[in-house]
Structure formats: structure tokens, C-alpha cells
Amino acid sequence: MEGKTALNFLTRDGRALLGVGDDGVRAVLWRELSDDARAALKAPDFVTVSARNKLILSEVKEGRNVEGDRVIEQLSSGMEGLRQRGLAGDVEEVELIMERGGKLGGDTYIEKDGYLFDKNKGKRATLNGFNKSIKVIRL
């Protein structure tokens with residue numbers, strides 16, 4: 001599901017693709033860094049532009065035991081890259097795209113009302129350093 005299904009969803013949603021795949025996103029966000037330096041950075045799977053000309057960060061996960069902390073880490077890193085470019089205010093949403101039968105691993109995170117929810121904090125999970133909730137999309 002990770003590649004083709006998510007890519008089809010994003011293009012059907014009318015989005016323009018800026019960065020595709022971890023390496024493609026790293027190249028967009030940190031193009032001034034060497035390949036080796038970029039490879040060490042975490043990155044989401046997609047950076048896209050919505051029909052309203054706003055940015056969307058997407059992380060795609062498949063299967064069971066999807067690690068919520070890893071999703072947050074990858075999306076947060078992408079958001080930090082956008083902040084460094086002065087584009088954090090242009091981010092419309094951040095999202096986790098999962099297959100319909102996919103499960104979140106551990107006891108900390110669940111999907112609630114279409115968003116990643118942190119049971120320990122009793123509220124929607126947000127990116128590290130940013131007040132952005134993570135929308136969950138099931139394909």
C-alpha cells in the first residue's frame with residue numbers, strides 16, 4: 001500500500017507533489033546539505049501542495065503495530081525543515097495514511113475522531129515543537 005495506493009490518493013485529491021519518498025522529501029527540505037547529511041535526517045513520505053496552495057506533510061504506514069512515536073518523529077522533522085525555510089505557517093495539515101486494517105502498536109496511541117490520539121495525555125497527539133494535530137486517513 002505504501003507507494004502506489006497513497007500516491008494515487010494524493011493525486012486524486014488534487015495535490016501537486018513536491019517531495020515523494022523519504023529521499024525526495026529530504027532533497028526538497030534540506031537541499032543545501034550533502035547526501036550523507038540528508039540521509040541521517042528523519043523525513044515524512046510526502047510533501048504536497050493542496051488545491052488551496054497550502055502544504056501537507058504525509059507519512060504512510062502499513063501493517064500492524066504502527067509506531068505512533070516514529071510517525072510523530074518523522075512528521076515533526078519535516079515540519080522543522082519547513083520552519084527553517086520560513087514555510088511552517090503555510091502548512092495546512094499533517095497526516096498519517098494507513099491501510100484500513102492497520103493497527104497502531106503499543107498502548108499510547110489510538111485513532112479517535114479521525115486523528116492520532118495520545119491516551120496518556122488525554123488529547124490529540126501533536127508534532128514535537130508544533131501545535132499541529134495528526135489527521136489519520138485510512139485507505
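Which side chain does arginine 26 meet in a salt bridge? I found aspartate 23, at 2.7 Å, N to O. For the notebook, a salt bridge means a side-chain nitrogen of Lys or Arg within 4 Å of a carboxyl oxygen of Asp or Glu.

Ground rules before going on. This is a predicted model, so I took local features at pLDDT of at least 70 and side-chain atom pairs only at pLDDT 80 or more, while totals for chains, interfaces and linings use all residues. Residues are numbered from 1 along each chain as its sequence is written, and side-chain values use heavy atoms, with hydrogens and water left out.

**Entry: helix H2**

I went back to the first pair. Arginine 26 and aspartate 23 sit three residues apart in helix H2, which puts about one helical turn between them. I checked the accessibility of each: arginine 26 is buried at 11% relative accessible area, whereas aspartate 23 is exposed at 59%. My cut-offs are under 20% for buried, over 50% for exposed and partly exposed in between (1.4 Å probe, protein chains only). Helices (H or I, at least four residues) and strands (E, at least two) are DSSP runs, numbered from the N terminus.

Next I listed the buried residues of H2 (residues 21-29), and they are Val25, Arg26 and Leu29. Looking down the axis of H2, I see them fall within an arc of 100°, so they line one face of the helix. That arc is taken from the directions from the helix axis to the C-beta atoms. These residues pack against strand E1 (16-20), helix H3 (35-39), strand E2 (46-49) and helix H4 (68-84), with contact meaning heavy atoms within 4.5 Å.

**Entry: strand E3**

How many residues of strand E3 (residues 55-61) are buried? Seven of the seven, so the strand is largely enclosed by the rest of the structure.

Then I looked up its neighbours; two strands pair if DSSP finds at least two bridges between them. E2 and E3 run antiparallel and are joined by four bridges, and valine 47 has leucine 57 as its bridge partner in E3. Their hairpin has five residues between the strands, and there asparagine 53 takes a positive phi near 60°. With strand E4 (residues 91-98), E3 pairs in the parallel sense over seven bridges. Glutamate 59 has leucine 96 as its bridge partner in E4.

I have arginine 85 as partly exposed at 30% relative accessibility and glutamate 32 as exposed at 55%.

I also looked up lysine 135 and glutamate 93, whose side chains meet at 3.9 Å, N to O. Lysine 135 is in strand E8 (residues 134-138) and glutamate 93 in strand E4, 42 residues apart. Lysine 135 is partly exposed at 29%, while glutamate 93 is buried at 18%. Last item: salt bridges that share partners join Asp13, Arg15 and Glu95 into one network.
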